[in-house]
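Please look through the model shown below before reading my comments. I have set them out as numbered points, so that each can be checked against the picture.

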Amino acid sequence: MKNIILLISLCLFCLTINAQQEAKEQPKKQATDSSKVFTVDNIIKTLYTTISGEKGKARNWKQFKSLFHEDAKLIPSGENKEGVFKIRYISPDEYIKSSGKWLVENGFFEKEIHRETQQFGNLVHVFSTYQSFYSETDETPFMRGINSIQLLYDNNRWWIVNIYWTNETELNPIPKAYLPK
């Protein structure tokens, strides 16, 4: 009888260790309103909403970070002063550190004006054309561009894996296919 109790105790101990190890390997899931991440449409709308706001309005950075997979990257791109096209890889935290203050000090609204979505199983790619304004009341955007957004569905919710974007320029206008009809 002692051997059976010892064997059961050993099995339970091993199961506990295994469960703890699996929990450590899972992505750190930050608490968020599940309605914001349950559909592709909602997570994209929430992304634009969290970075947008009038001058002086604090952004909800906790909600912003909750949209992203723990290994997500934001990848801004464009020409440098020498005319060379460059990209930069930053985490959501680095984005907040580098852009957060500017967004609040200047006011910033990014509005989606067109979307192309492709899906294969749990993988989604969204080509999202945007216009940027300093205030929600502005009629003319100061900038336009395209966000290439990759998402993952983990059988629980959607996660933003990457956002790779570039702004429109005179030499690189947005093609008509990616503008509203």
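The points below go from the overall fold to the sheet and then to the aromatic rings.

1. This is a predicted model, in which local features need pLDDT of at least 70 and side-chain atom pairs count only at pLDDT 80 or more, while totals for chains, interfaces and linings use all residues. Residues are numbered from 1 along each chain as its sequence is written, and side-chain values use heavy atoms, with hydrogens and water left out.

2. The protein has four helices and six strands, where helices (H or I, at least four residues) and strands (E, at least two) are DSSP runs numbered from the N terminus. Along the sequence they follow the pattern α-α-α-β-β-α-β-β-β-β. Of the 181 residues, 33% count as buried, a term that means under 20% relative accessible area, with exposed being over 50% and partly exposed in between (1.4 Å probe, protein chains only).

3. The six strands form an open sheet in the order S2-S1-S6-S5-S4-S3, and the pairing is mixed; two strands pair if DSSP finds at least two bridges between them. Strand S2 (85-87) and strand S3 (109-120) stand at the edges with a single partner strand each, so one side of each is left without a neighbour in the sheet.

4. Strand S5 (residues 143-153) and strand S6 (residues 158-167) run antiparallel and are joined by nine bridges. Within this pairing, Ile146 has Thr166 in S6 as its bridge partner.

5. Eleven aromatic pairs are counted, the rule being that rings of Phe, Tyr and Trp (its six-membered ring) pair if their centres lie within 6.5 Å, with planes under 30 degrees apart called stacked, over 60 edge-to-face and the rest tilted. Trp61 and Tyr95 form an edge-to-face pair, 6.4 Å centre to centre with 70° between the planes. This pair links Trp61 in helix H3 (residues 61-66) with Tyr95 in helix H4 (residues 92-106), 34 residues apart. Trp61 counts as buried at 17% relative accessibility, and Tyr95 counts as buried at 10%.

6. Phe108 and Phe142 also form an edge-to-face pair, at 6.2 Å centre to centre and 65° between the planes. Phe108 lies in the loop between H4 and S3 and Phe142 in the loop between S4 and S5, so the pair ties together parts that are 34 residues apart in sequence. Phe108 is buried, with a relative accessible area of 5%, whereas Phe142 is partly exposed at 32%.
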